[in-house]
Amino acid sequence: MRLVTRIAVNTVCATALLALVSCGAGADSGPFGDLSGPEVTNKALTTTKKAESMRLSLDLLTKDGRIKADFSSSTSGECTGTMSMSPKGTVEIIKTGDTVYTKYDEALLRQESEGEPAEEVDATVKLLAGRWMESKASDPDTKDMIEFCDLQGLLKSIEANDTEAQKAGEAKVDGKPALRLTEKDGKETHTFLVATEGDPYILRITSKGGEEPMTLNLSQFNQPVVAKKPAAKDIVDLGQ
């Protein structure tokens, strides 16, 4: 069976964050004083890129279904999280050092085995459903599943540029005060929320009106990411 469902999460996140650097002028009073849109943007990007860890929660609607991902990742490569691909199923992921542990639910295993003999599929489900599989982060198939774990690579890909979006008032993200910045890109509207208390981190990015509407939440900046190897009894020995 394939046991591979490619989700270009890094690409999705990079696109969302790169959209933020399209934020342009529009100085006014209020949060960030008289800073213009680009100045707020550069400040938020600089601060967010310095974070050594964060939680990223993605809700993306694609032509193939809805993708939800929730990961805690560090620039050192440690991460834990889950990814669900409606209507396919869910996979849990732990990455610690160069080792990756993945755990598929029955729905995803059956989807990934589609077209194979029923007896073979049932045997695979019985063996693997709800149990962890161990692999190397460098394995080609594994790389497709851990793009959210490359926080350092994701943040490095973001650069600030001259842009056109403007300040659009105040808002709150999970109770935290934020400044809203918006921009239009054809039929799409991008909205970015930047923290106005404490460090000016990017807290939320949304895109609406396009082919793949999405919401990306960023939180838990610089908090420890605890990625532990599962218990040996819960790991499948694929060599056997």
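Predicted model: local features only at pLDDT ≥ 70, side-chain atom pairs only at ≥ 80, totals over all residues.
Take Glu92 and Lys103 as an example. They form a salt bridge, and their closest N and O atoms are 3.7 Å apart. Glu92 belongs to strand S4, residues 89-96, and Lys103 to strand S5, so this pair ties together parts that are 11 residues apart in sequence. Is each of the two buried or exposed? Glu92 has 31% relative accessibility and counts as partly exposed. Lys103, at 18%, counts as buried.

The next pair is Asp122 and Arg110. Their side chains meet in a salt bridge at 3.1 Å, N to O. Asp122 is partly exposed at 40% relative accessibility, and Arg110 is partly exposed at 35%. Which residues are linked with them in a network? The network of salt bridges consists of Glu106, Arg110 and Asp122.

One more pair is Lys233 and Asp234, with the closest N and O atoms 3.3 Å apart. Lys233 is exposed, at 65% relative accessibility. Asp234 is partly exposed, with a relative accessible area of 29%.

Now the disulfide. It is a covalent bond between the sulfur atoms of two cysteines. How many does a search of the whole structure find? The search finds one. The partners are Cys79 and Cys149, and their sulfur atoms are 1.8 Å apart. Cys79 lies in strand S3, residues 79-85, while Cys149 lies in the loop between helix H5 (140-143) and helix H6 (151-156), so the bond ties together parts that are 70 residues apart in sequence. Cys79 is buried, with a relative accessible area of 0%. Cys149 is buried too, at 4%.

The background is simple: an α-helix has 3.6 residues a turn, so residues three or four places apart point the same way.

Helix H2 covers residues 37-49, which is 13 residues. At 1.5 Å a residue it should span 18 Å, and its end C-alpha atoms are 18 Å apart, which agrees. Buried residues in H2 include Gly37, Val40, Thr41, Ala44, Leu45, Thr47 and Thr48. These cover an arc of only 165° around the axis, so they are on the same side of H2.

Last, the strands around S10, residues 202-208. Five of its seven residues are buried, so S10 is largely enclosed by the rest of the structure. Strand S9, residues 188-195, pairs with S10 in the antiparallel sense over six bridges. One detail of that pairing is that Thr191 has Thr206 in S10 as its bridge partner. S9 and S10 form a hairpin with six residues between them, and Gly198 in the turn has a positive phi of about 75°.

S10 also pairs with strand S11, residues 214-219, antiparallel and through four bridges. Here Ile205 stands opposite Leu216 in S11. The hairpin of S10 and S11 has five residues between the strands, and Gly209 in this hairpin takes a positive phi near 95°.

One loop to finish. Asp174 is found in the loop between strand S7 (166-173) and strand S8 (176-185). Asp174 is exposed, with a relative accessible area of 70%. Asp174 and Asn217 are 43 residues apart in sequence and, C-alpha to C-alpha, 10.0 Å apart in space.

How values were computed
Residues numbered from 1 in each chain as written. Heavy atoms only, no water. Disulfide = S-S within 2.5 Å. Helix = DSSP H or I, 4+ residues; strand = E, 2+ residues; numbered from the N terminus. Buried < 20%, exposed > 50% of the residue type's maximum accessible area, 1.4 Å probe, protein only. Pairing = 2+ DSSP bridges. Expected span 1.5 Å × (residues − 1). Arc of directions from axis to C-beta. Salt bridge = Lys/Arg side-chain N within 4 Å of Asp/Glu carboxyl O.
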